[in-house]
Amino acid sequence: MVLVGIDVGGTQIKAGLVTRDGRLISHIIENTKTKLGYKAVLEQMNEIILALAKENLVDVKDISAVGIGVPGTTSPDGVVYFANNLGWENKALVNDFGKLCQLPVFIENDASMAAMGELMVGSLKGVKNGILITLGTGLGSGILLDGKIFSGSHGIGRQAGHMKVGENFYECTCGANGCLETFASATALVKYYKHIKNKQQATKDIQVNTAEITAKEIMKLARLGDAIAEKSVERLIHYLGIGIANLINILDPEIISLGGGLAKAGDQLMIPLRESVYNQLYDKKRFFTRLSIAKLENDAGMIGSAMFACENNNK
Ligand SMILES: [Zn+2]
């Protein structure tokens, strides 16, 4: 028996066949047919499952369950409350997709699914209380409490990206001002860099085309000593430190693991981040929480979704 784990984003669908012990056997990545609407995306996911089965000579009947990570809020009974990047609101995904693929379906928030993947076979393995923070377009967070995914009483919790940490020069996609992800994400880094670049000239000016600049390039410029890039990265780390210290002050997890593209910066991010977190801690003498880098990278969502489905299907 195998499982299917699907990570459905507004841009891409990643779907994989996963063993019960969390090994990704094979996967398919396609651009999501977001603009064609909800039903088209469901049909697309079903076709991907059929293609995965065919490619790997697996009978669809031998797939024990499907897990889907959704970029938004989900109810405990399988409804997607809201996923803005997909344009979905109040969609009975478990029911609708279950009818289509004829398999048991389980859904959760995408960052929670990635945390589940890290818990089973990655950086959170063996951890009871841990948090995965993904630094990408936004800031996603998956929270594990007592070895289980925590999503709140109604499925609308665990949105660390929308904790308020200050006032910012632009609004968050959720409509509020001051959300952590507007300070600490790839998008935030690019926006702030451009904001400052437009305002003043760098002292050591390195010619760059700011219209197309990426977070990765800004990280590199900071390493090369570009003043504005350095300032932008410092600001990101300052606010990320506030966010993480808030999480530690409230939840006291064993570990906080960082994933997503920005985490690839390694020590450039982690060393100053540790100091920034320390400065905001309530009990500085007891900085027990380990800060680490996630292991599964882009596979975390697929593996975690499959593992989540496996665990819930066996209940
Ligand atoms: Zn927000």
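These notebook entries record what I looked up in a predicted model.

**Ground rules.** I number residues from 1 along each chain, as its sequence is written. Because the model is predicted, I note that local features need pLDDT of at least 70 and that side-chain atom pairs count only at pLDDT 80 or more, whereas totals for chains, interfaces and linings use all residues.

**Domains.** I began with the domain assignment, which gives domain 1 as 2-119 + 298-313 and domain 2 as 127-294; such bounds come from an automatic or database domain assignment. Taken over C-alpha atoms, the centres of domain 1 and domain 2 are separated by 27 Å. I then looked up the contact, to which domain 1 gives 17 residues and domain 2 gives 18 residues, with two residues taken to be in contact if their C-beta atoms, placed from the backbone, lie within 7 Å. On the side of domain 1 that touches domain 2, strand E5 (73-74), strand E8 (105-109) and helix H3 (110-121) each supply at least two residues; helices (H or I, at least four residues) and strands (E, at least two) are DSSP runs, numbered from the N terminus. H3 provides the largest share of that side, eight residues. Sorted by class, that side of domain 1 has eight nonpolar, six polar and three charged residues, where Ala, Val, Leu, Ile, Met, Phe, Trp, Tyr, Cys and Pro count as nonpolar, Asp, Glu, Lys and Arg as charged, and the others, Gly among them, as polar.

**Sheets.** I next traced an open sheet of five strands in the order E11-E10-E9-E12-E13, with mixed pairing; strands pair if DSSP finds at least two bridges between them. Its edge strands are E11 (148-150) and E13 (290-293), each pairing on one side only, and the twist averages 25° from one strand to the next. Within this sheet I followed E9 (residues 130-135) and E10 (residues 139-145), which pair in the antiparallel sense over six bridges, and I found Thr134 opposite Gly140 in E10.

I also found an open sheet of three strands, ordered E5-E6-E7 with antiparallel pairing. E5 and E7 (88-91) stand at its edges with a single partner strand each, so one side of each is left without a neighbour in the sheet. E5 is joined to E6 (residues 80-83) by two bridges, and the two run antiparallel; Thr74 stands opposite Val80 in E6.

**Helix packing.** Helix H4 (residues 186-199) packs on helix H6 (residues 227-251) at an angle of about 135°, with the axes 9 Å apart; axes are lines fitted to C-alpha atoms, for helices over the stretch in contact, and angles run from 0 to 180 degrees between N-to-C directions. H4 and H6 are therefore oblique to each other, given that angles under 35 degrees count as roughly parallel, over 145 as roughly antiparallel, 65 to 115 as roughly perpendicular and the rest as oblique. Residues making this contact include Tyr192 and Ile196 of H4 and Arg235 and Leu236 of H6, and by class the contact has eight nonpolar, one polar and three charged residues.

Last, I looked up H6 against helix H7 (residues 267-280), which pack at about 55° with their axes 8 Å apart, and H6 and H7 are therefore oblique to each other. Among the residues that meet are Leu240 and Ile244 in H6, and Leu273 and Val277 in H7; the residues of this contact divide into nine nonpolar, five polar and no charged.
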